[in-house]
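Work through the exercises below with the sequence and coordinates open. Try each task before reading its solution.

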Amino acid sequence: MDGDICATATTPPDSDPARKRRVHGMLKLYYGLNEEGKTVDQAESMNPCDINGTHFDPEVYLNKLRRECSLGELMDQESCMVKQIRSLDSDMQTLVYENYNKFISATDTIRKMKNDFKKMEDEMDCLSTNMAAITEFSAHISGTLQDQHAQITKLSGVHTLLRKLQFLFELPARLNKCLELQAYSQAVSSHRRARCVLQQYSHMPSFRGIQDDCHAIMDKLAQELRQKFRDGGSSAKDLSECVELLLQLDEPAEELCDKFLIHAQSRLEANLRGLEAETDILEFIDRGCNEFVSSLCLVIASYQELFVNRPQEGNLASKNIPHMAIGKLHAFVDAMATCYFSLVERRIQEEKSVGDNSLLVRALDRFHRRLQAVAKLLPGSAVPSQGTEIVVRAARERIQQYLAALQSFYLDSLRDVRQALAAPRLATGKDAPASLPELLSSLSASILNQIKSVMASVQLFTAKDITFSNKPYFKGEFCSQGVRESLVVNFIKFVCQSSRQFCESVGDRGGSTPPALLLLLSRLCLDYETSTITYILTLTDEQFLVQHRSPVTAVAALCGEAREAAQKLLNHYVKVQGLIISQMLRKSVETRDWVNTIEPRNVRAVMKRVVEDTTSIDVQVSLLYEEGTRKAHSSDSSKRTFSVYSGSRQQTRYAPSYTPSAAMDTNFLSNIHKLFSERIDIFSPVEFNKVSVVTGIIKISLKTFLECVRLRTFGRYGLQQIQVDCNYLQMYLWRFVSDENLVHFLLDEIVGSTAHRCLDPAPMEQSVIEVICERG
Amino acid sequence: MYQLYLVLQARALTSQTAESDAIRFLVGTQSLKFDNQIHIIDFDDENNIISKSVLQHQAGEIWHISASPADKAVLTTCYNKSEAPALSLSQLGASVFPAQVVSSESRVVTCGAVWRMPPEWESGSHESPDDPHNSHNPQNLELLCHLDNSSHGNASCVLWEPMGDGKHVISLADNHALLWDLTESSTQATISSSATLEGKGQLKFTAGKWSPHHNCTQLATANDTAIRGWDLRTMSQIYCIENAHGQLVRDLDFNPNKQYYLASCGDDCKVKFWDVRNINEPVKTLEEHSHWVWSVRFNHSHDQLVLTGSSDSRVILSNMVSISSEPFGHLVDDDDLSDGEDNHQDEKTKEPLQDSIISTYEEHEDSVYAVEWSSADPWLFASLSYDGRLVINRVPRALKYHILL
C-alpha cells in the first residue's frame, strides 16, 4: 500500500501521460473500445514477455526472469511487481465506483424520459385530429370562393381597356384643347403614346376615324409649330422647343436645320445691315462683336443643342442627324462669317488715316478675341483662322499705309526744303546758303522722328496684351518681313530712289531741281550711309526682336545703296553747276566775232562771273561737306605757275609753228606733254568733299571752254583776249581745286588751241596781261 | 591697233564709200597756217601696213568730208575760207597796244565743194609712212564745182545720197537744207529744192544724215538739242524730237538695217537710240563717255556694233544687240535646217543677248571728233583725234566669230 501511495504521490495521474494512457488503454480494453489499442496489441502481441501485452505468458515471463536475472534483481522485480499490482487494484476500485454512480443517474434519467414521452404522445394525437379538421374546412371555403375571383379579374381587365379606349376617343378633343392652349408639348406626347395603338388597329373603322382626326389635328399642330418657327419672333428657347416638337413629329431634320438656319440667317443679316452705318472702326467692330458674333455664337449653341448634342432616341437615332446637322452648320457659319468678314475687311480698308493706330489695333484685337468664342463653340471651323488672316492682312495693309505715309511725308519735307531754299533767295538774296546745314539737320531729324513714331504705332500690333500678337505671323514674319523689310528697308530704299530720280528725270532739262537741294540730299544720303541706316535698323531689330528666319536686306547693302545715291546726287550736282558755268562760257565764245575783235583792254565780264559763281558754289559746298585734301601749293600759285605756263614754254610750243618743217615738232611736243600728264576724266565721279566737288565743276567748265575755242577761228586780238581771260581764271581758280596743275593744264590747252585757231598768232606780253588782269 | 600721225590737226574723216575692195579712209586736215590736205589712208589688211597719200586742198581748212557713193574719185568737203585782209608779218610781235588794226572786213566763211581726185594720185604722191615730210609737190584736187551757198550761210556738212548714183547731195548751211542736183560729170550743181528751219533765235544745223531707207527720201538733221526728220520730196518736216539731248546734238546715224532706228550723240555725254515712230522716249541710252560725244556710227553690216568717239579722247565700241536687227544673234537660215520645229526650239533657247560695251579704246591723247567704219571690211574702223592721230582698230576676233557663227 505504501508503494501505491508512493506511486500516486510521486507521479500524479495528470502529469504522467504515459501512465494515464495506459490506464485509459486498460479501461478501453475493458469496455471493448480498443480500436486505438489494437496497434499496440499488434506490436506487442507476439511478445509473451510483455507484461501488458495480450499474449503475456506468466510462465515464460517467470522462466525468463529466472534465467536472466540475479537474485537481487529478482527481488527488485518482485517488489516492483507487487507495487504495480497494488496500484492497479486501487485504480480498478476507483473506476468501478465512478461508473456505478453514472449508471445509477442514467437509469434515473431514462425512467423520467419514459414518463414524459407518454404524455407527449397523447398531445400529438390531439393535434393531428385538429389539423385534419382545419384542412377539411379550408378546402370547403376555397371551393366556394373560386368563381367569384375569376369574375373580378376579368372585370378589372375590361376596366383598363376601357380606360385606354377612352383616352383614345378623347384624344382628338384633348389634342384640340392642347392646341387651343398652345400646350404643344403635351399634345405631342399624348399623340406619341396613342400613335402605335392607332396604327395597329387602324383596320377598324372607328380607330381609323380617330387616327385620321389625330392626324389632322397633329398636322395642324405641326403647321402651327412651323408657322411659329417661321415667324421667328419667338425667343431661342421657344424655338428650340418648337424644333424639338417638330422633330418628334417626324418632321425631316434636314428641312428643320435649313429652316432654323435660314431664320438665323435673316436675323444675322439684319445685324450685319445694322453694321454698315457705323463710322468709327472700334465702334464698328464692337457692334459687330456684340451683335453679330454673339448672335452667331447663340445660333451655334442653340443649333448644337437642338440638332447635334440631343440624346438620340428611337428612330431618330438611325438618321444620323448630328452628322448632317454639323455639316450644315459649318456651311452656314462659313457663309455668314464670309459676309461678316467682307464687311469687316471693307471697313478696315476704309481705315486709311494713319494718325492713331491704337484704335485699329484695339478693334482688331477685339475682333480676333471674339472669334475665339466661335472656335470654342465650333471646333474645326475655319472661321477663326480666317479671322486671323484678316488681322494679318490688315496688319500688312497697315504697314503699306505707313510706308505710303512715310513716303509722302518725306516728299512733303522735301517740298518744304525746296521752298525754304527758294524763298529766302527771293527775299534776301544771298542768305539762302547759310541755312543749308539747318535745313539738313531739321530734315533728317523730322524724318527720323516720323520713322520712330510710325514704328511706335506699328509696335502696337505686337503688344503683349493683344491676343493675336502671339500668332506665329506676328512673332516672326510681321517683324522681319513686315516691319523691317516692307516698312523700314523699303522706306530707306525709297529715299535713295527718289533722290536718284532727281538726277535722272530732271537732269537733262536742268535747273528745275535747285542745285542746293541736290547737294543737301547728297549729304543726307551720305549721312544715312554713315550712321542713320545702322541706327534705324538696330532700333527696329531691338524694338521688334526681329528674328531673321527669312533672308533680310543686309545693312551693308542698304548703306551701299545710300552711298550710291549720295554719289550720284553729288555727281549730278557737279554736272548741273558745271553746266551752268559751261553755258556762260560757251555763249561767250560762240557769240563773239573773234576774228574782228578789238585789242583786249580788260578781262571779259563773263570770266568775272565765272569766278564769282565758283566762289559761291565753293561756299555752298563748304556748308555741307568737309574741305578735303589738296596737293600742297606754293604761297602764290597764281603767279608762279602762270609765268611758267605763258612764258617760256608757250614760246617754245608755238613759235616754231610758223615754219612748216617745225609742225611735226609742235605735235610731237604736245603729244609728249600729254603722254606724261594724266588723262583727265571730265565728268568723273567726285569724292565727298568740297575740293573734289569744286574741282569737278571747274574741270567741266574749262573743258567746255576748250572745245568751244577749238570750233572758232581767232584773230590776233581774239587770241590775246583769251590769254587775258585765261590768266584771270588762273589767278582765281587755282585755290579751289585739289591739284592746281589740272587748272594749269586745261588753261594751257585753251590758250594753245586758241593759238592754233588763230589766223595771226601774236601773243600778248605776259606783263601786259598781268596788268590788265590786276586792273580787273 | 595701227596708228598714223597726220602732222596737221584734223577733224574730218570718212571712208571711201564707193571703194569696196581696199580699206581706205579719207581725212581732211585743219590748219590755218599751212595748205590743207586730203590724206588718203590705205590699210593693207594682210600685212597690217598703213600707207598714206596726200592731195592738196588749198581752198581752206576742212571741217567736213564726204565721199561719193558712186565714184571713188569724187568727194565733197566743207572748208573754211578766210577772207581776212592780208596782214603783214611785220606787225607780229610789234607793240603790245598797236594802233587800231583795220580788220573789220575779216571774215571766215564755210563753203562746200565737190572735188575729184587726180587719177594718178596713187602713183604720184604716195608717201611712205616713215617719211611724212618728204612731200614733194603733192598733187592738187581737181575742183568740180562749188556748192555755192553764199546766200544761205555757212555750210556745216554735205551729204551724198546713200547708195545713189552720185547725182544728189544735200548741204546743210546754217538753217537751210539744200538739195543739189549734179550733172553727169559733177561739174555743175543746181539747187533743186531747199528747206529752211524757221524759229526763234539763230538756228543752225549742226549735223545731218541722209536716211538710206524709204527710197532715200528722208533726212535727219540736228540743231541745238533737237533732232528733226525731213521728207525730201516735199522738203517738209516729218518729226521733231525736241530736247533729244540735254545739250547740243553733235552727230546722227541711221541704223542701216532698221529703217526707223536712229542714233544720236551730244554734249550730255550720252548716246541715244531712237525709234522715230515714237519720239517721246529714246529706245536706249548709253552713258559711257565722260565728255561730249562727237560722233556715232552704226556698223554697215552688223548694226549691233556701234562706234562712238568723244572729247574724253576715248572711242567706245558697243554691242547693242537688244535693239539691233539681229536681237537673237545671227539667225541660221531656214534653208540650212531640214526640220522646222528644231528651228523653232533653237530660237526659243537663244536668250536675247545683253547689250554691252565691247571695248574702250584709249589710244588717243586728244579729243576724238570722228570715227568711221571701213566700207570694205565691216570689222575695221578708224578714229581720228584732233592732234592728227588716226587709229585703225579691228573688232575683237572673239566677238566677230560670235556674231558670224
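**Exercise 1: the core in chain A**

Find the residues with the most contacts inside the largest nonpolar core.

Solution. The largest nonpolar core holds 187 residues. A nonpolar core is a set of buried Ala, Val, Leu, Ile, Met, Phe, Trp, Tyr and Cys residues joined through side-chain atoms within 4.5 Å. Buried means under 20% relative accessible area (1.4 Å probe, protein chains only). Those with the most contacts inside this core are Phe332(A), Tyr340(A), Phe478(A), Leu487(A) and Phe705(A).

The model is predicted: local features need pLDDT of at least 70, side-chain atom pairs pLDDT 80 or more, while totals for chains, interfaces and linings use all residues. Residues are numbered from 1 along each chain as written, chains are lettered from A and ligands numbered from 1 in written order, and side-chain values use heavy atoms, without hydrogens and water.

**Exercise 2: around Phe705(A)**

List the contacts of Phe705(A), leaving aside neighbours within four places in sequence.

Solution. Contact means heavy atoms within 4.5 Å. The partners are Leu585(A), Val589(A), Arg604(A), Met607(A), Ile722(A), Cys726(A), Leu729(A) and Ile750(A).

**Exercise 3: a sheet in chain B**

Trace the open sheet of four strands in chain B.

Solution. Strands are DSSP runs (E, at least two residues), numbered from the N terminus. Two strands pair if DSSP finds at least two bridges between them. The order is E1-E30-E29-E28, with antiparallel pairing. The edges are E1 (2-5) and E28 (368-373) of chain B, each pairing on one side only. Next, E28(B) and E29(B) (residues 380-385) are joined by five bridges. Val371(B) has Ser383(B) as its bridge partner in E29(B).

Technical notes
Buried < 20%, exposed > 50% of the residue type's maximum accessible area, 1.4 Å probe, protein only.
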